[in-house]
Amino acid sequence: MIYTVLAATSLFLMSCANNTAEQMVLAPKAFKEAIDKNAAAPVIDVRTAEEFNNGHIEKAVNIDYNSADFETKIAAYPKDEPIYIYCQGGSRSAGAALKMKELGFTKVYDMQGGMVAYNSEFAPKDAPAANGEMTMADFEKMIDKDK
């Protein structure tokens, strides 16, 4: 009995390891370095068109993960080449990465934390927010005043 449980557990753990080996989650800095290094690799923004139009990574193409034609559009890309994806906070791109794996993609790189983390890492502190309402410096001043 114990051998059966151990064998089943081992098989389960091996299958989990194989499932995650094909999809990688990269921190924003590593993600940027990878897309800069692999200039020909596609970068897919899986947010809505409105979110995309409010600011996106320079070479990104917008394919909304929640659109009815996501699978059709994403299937146009090579399944055995690196492909980089991101969203606003990381949830949609994680779902997209899993879907892409189901569709046969083998090298999906998902940016951890999405555009929120990317902007936090790379946007200048005094740059206006995507919607133009407040800079990060203004926000920090507001927090300091309201302690």
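Which residue's side chain does the side chain of Asp-45 join in a polar contact?

A: Happy to walk you through it. This is a predicted model, where local features need pLDDT of at least 70, side-chain atom pairs count only at pLDDT 80 or more, and totals for chains, interfaces and linings use all residues. Residues are numbered from 1 along each chain as its sequence is written, and side-chain values use heavy atoms, with hydrogens and water left out.

The partner is Tyr-86: a polar contact of 2.9 Å joins the two side chains. A polar contact is a pair of N or O atoms within 3.5 Å; within protein, one must be able to donate a hydrogen and the other to accept it, and residues adjacent in sequence count only if both atoms are side-chain atoms.

Asp-45 sits in strand S2, residues 43-45, and Tyr-86 in strand S4. Strands (E, at least two residues) are DSSP runs, numbered from the N terminus. Asp-45 has a relative accessible area of 0%, so it is buried, and Tyr-86, also at 0%, counts as buried too. Buried means under 20% relative accessible area (1.4 Å probe, protein chains only).

Beyond its neighbours within four places in sequence, Asp-45 is in contact (heavy atoms within 4.5 Å) with residues including Phe-52, His-56 and Tyr-86.

Tyr-86 and Ile-57 lie 29 residues apart in sequence, and their C-alpha atoms are 9.4 Å apart in space.

Terms used. Helix = DSSP H or I, 4+ residues; strand = E, 2+ residues; numbered from the N terminus. Buried < 20%, exposed > 50% of the residue type's maximum accessible area, 1.4 Å probe, protein only.
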